[in-house]
Amino acid sequence: MSTFNGLPAHILLVHFIVVLVPLTAILAILSAVWPAARRRLVWLTLVLAVSVAVLTPITTDAGEWLEKRVGRNPNLHTHTHLGDTFIYFAVALMITVGLVAAVHYFETRGRSLSKVLVGAVAVLTIAASVGATVQIYRIGESGSKSVWNGVSARPARTPAPKSAG
């Protein structure tokens with residue numbers, strides 16, 4: 001996918017990622033550490049985590065299409081390099097949310113899991129959630145710098161005076 005209604009698809013898709021990653025991370029942490037939240041949110045969180053993992057390569061591919069059409073600069077190079085790494089963070093988040101869902105599944109079946117195991121899943125989920133959120137921030141920051149760097153230093157354009165005619 002390269003464009004949507006004349007806009008580069010990357011610009012549109014990235015907004016889904018920027019919203020879904022922190023939302024998924026917050027829900028994942030809540031589900032991992034709070035059993036009441038896990039009962040209510042785990043399946044929604046798993047759907048969101050899978051969505052992030054599916055959207056990531058689509059967004060990256062759309063970004064590569066866009067990259068070929070804009071001028072290269074160091075900020076864009078940083079952005080594309082960081083963007084290429086996000087799939088690892090997305091998959092880690094999805095796997096840890098899957099582990100939280102497995103904990104929920106066994107708990108609802110009356111199987112007792114050790115507190116150490118549940119705690120280890122929580123620690124892994126927190127690490128993956130924080131890592132994904134930090135990485136998506138870094139990617140977004142580098143992307144905005146590649147587009148907007150130097151804009152504030154440029155003089156503002158003033159509209160032409162209207163003729164009184």
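**Entry 1**

I am working with a predicted model.

**Entry 2. Helix α1 against helix α4**

I looked up how α1, residues 9–33, sits against α4, residues 115–148. Their axes come within 9 Å. They cross at roughly 165°. Angles over 145 degrees count as roughly antiparallel. The crossing angle therefore makes α1 roughly antiparallel to α4. I noted the hand of the α1 and α4 crossing as left-handed.

Next I listed the residues that make this contact. From α1 they are I17, V21, P22, A25, A28, I29, A32 and V33. From α4 they are A122, T125, I126, S129, A132, T133 and I136. I then sorted the contact of α1 with α4 by class. Twelve residues are nonpolar and three are polar. No charged residue takes part in the contact of α1 with α4.

**Entry 3. Helix α3 against helix α4**

I turned to the pair α3 and α4. α3 covers residues 74–108. The axes of α3 and α4 lie 8 Å apart, and the packing angle is about 160°. That angle makes α3 roughly antiparallel to α4. The α3 and α4 crossing is left-handed. The contact of α3 with α4 has 16 nonpolar residues, 13 polar ones and two charged ones.

**Entry 4. Salt bridge**

How many salt bridges does a search of the whole structure find? I got one. The side chains of R38 and E107 form a salt bridge, at 3.1 Å from N to O. I placed both partners on the helices. R38 belongs to α2, residues 35–67, and E107 to α3, so the pair ties together parts that are 69 residues apart in sequence.

R38 has a relative accessible area of 3%, so I marked R38 as buried. E107 has 33%, so I marked E107 as partly exposed.

**Entry 5. G119**

I finished with G119, a residue of helix α4. Its relative accessibility is 30%, so G119 counts as partly exposed. I also checked its distance to V33. The C-alpha atoms of G119 and V33 are 8.0 Å apart. Along the chain, G119 and V33 are separated by 86 residues. V33 was already in my list for α1, as one of the residues that make the contact with α4.

How values were computed:
Residues are numbered from 1 along each chain as its sequence is written. This is a predicted model: local features need pLDDT of at least 70, side-chain atom pairs count only at pLDDT 80 or more; totals for chains, interfaces and linings use all residues. Side-chain values use heavy atoms; hydrogens and water are left out. Axes are lines fitted to C-alpha atoms, for helices over the stretch in contact, and angles run from 0 to 180 degrees between N-to-C directions. Helices (H or I, at least four residues) and strands (E, at least two) are DSSP runs, numbered from the N terminus. Angles under 35 degrees count as roughly parallel, over 145 as roughly antiparallel, 65 to 115 as roughly perpendicular and the rest as oblique. A crossing is left-handed if the near helix is turned anticlockwise from the far one by less than a right angle, and right-handed if clockwise. Contact means heavy atoms within 4.5 Å. Ala, Val, Leu, Ile, Met, Phe, Trp, Tyr, Cys and Pro count as nonpolar, Asp, Glu, Lys and Arg as charged, and the others, Gly among them, as polar. A salt bridge is a side-chain nitrogen of Lys or Arg within 4 Å of a carboxyl oxygen of Asp or Glu. Buried means under 20% relative accessible area, exposed over 50%, partly exposed in between (1.4 Å probe, protein chains only).
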